[in-house]
Amino acid sequence: MNVDMPLIVVVDDDGDTLEVYRRVLETVGFRVSLFVDPEEALEQMRIEPPSVLITDLMMSSVDSGFELSRAVKSDPRLSSLPVIVATAVARRRGFDFRPRSDEDLKAMNIDAFFSKPV
């Protein structure tokens, strides 16, 4: 893969979901780094900032995705990084985390929100 291509980091605790992201994103020309562990992803992003971060919400803990997005937006090196949350939490658990406004997105430290399947 060409290192000049934009890098997308994807964080999700489901291996099948990660593989789908990898296949789709690489097919359209992106470099993709996949992580199960949000902390490992954050460490790597500080070494090589990606063009975009896509993260699930509920991983190693209930709020792993929120913690990751908060850490990204509070890091001066990563604060302008677009963060996309893609989660099935509303469908699977009955919670409704969907932002209703730009203010909700900002409060969640994210730039976009999608329900799975995307």
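Buried means under 20% relative accessible area. I kept that cut-off at hand while going through this predicted model.

**Entry 1: glycine 65**

I looked up glycine 65 and found its relative accessible area to be 0%, so glycine 65 is buried. I placed glycine 65 in helix 3, which covers residues 64-74. Next I listed its contacts, leaving aside neighbours within four places in sequence. Glycine 65 is in contact with Thr55, Asp56, Leu57 and Met59. I also checked a C-alpha to C-alpha distance.

**Entry 2: threonine 55**

Thr55 was on the contact list of glycine 65, and I went there next. Is threonine 55 buried or exposed? Its relative accessibility is 1%, under the 20% cut-off, so threonine 55 counts as buried. Threonine 55 sits in strand 3. I again set aside neighbours within four places in sequence. The contacts of threonine 55 are then Val11, Gly65, Leu68, Val83, Ile84, Val85 and Ala86.

I found an open sheet of 5 strands, paired in parallel, in the order 2-1-3-4-5. Which strands stand at the edges? They are strand 2 (31-35) and strand 5 (112-115). Each has a single partner strand, so one side of each lacks a neighbour in the sheet. From one strand to the next, the twist averages 20°.

I then took one pair in detail. Strand 3 (residues 52-55) pairs with strand 4 (residues 83-87) in the parallel sense, over 3 bridges. For leucine 53, I noted valine 83 as the bridge partner in strand 4. Val83 is also among the contacts of threonine 55.

**Entry 3: helices on the sheet**

I looked up helix 1 (residues 15-27) and saw that this helix packs on the sheet. Helix 1 touches strand 1 (7-11), strand 2, strand 3 and strand 4. The direction of helix 1 makes about 170° with that of strand 2. I turned to helix 2 (residues 38-47), which lies across strand 1, strand 2 and strand 3. Helix 2 runs at about 165° to strand 1.

**Entry 4: a backbone angle**

Last, I checked asparagine 109. Where does asparagine 109 lie? I found asparagine 109 in the loop between helix 5 (102-107) and strand 5. Asparagine 109 is not a glycine, yet its phi is positive, at about 60°.

Terms used. Residues numbered from 1 in each chain as written. Predicted model: local features only at pLDDT ≥ 70, side-chain atom pairs only at ≥ 80, totals over all residues. Heavy atoms only, no water. Pairing = 2+ DSSP bridges. Helix = DSSP H or I, 4+ residues; strand = E, 2+ residues; numbered from the N terminus. Axes fitted to C-alpha atoms, helices over the stretch in contact; angles between N-to-C directions. Contact = heavy atoms within 4.5 Å. Buried < 20%, exposed > 50% of the residue type's maximum accessible area, 1.4 Å probe, protein only.
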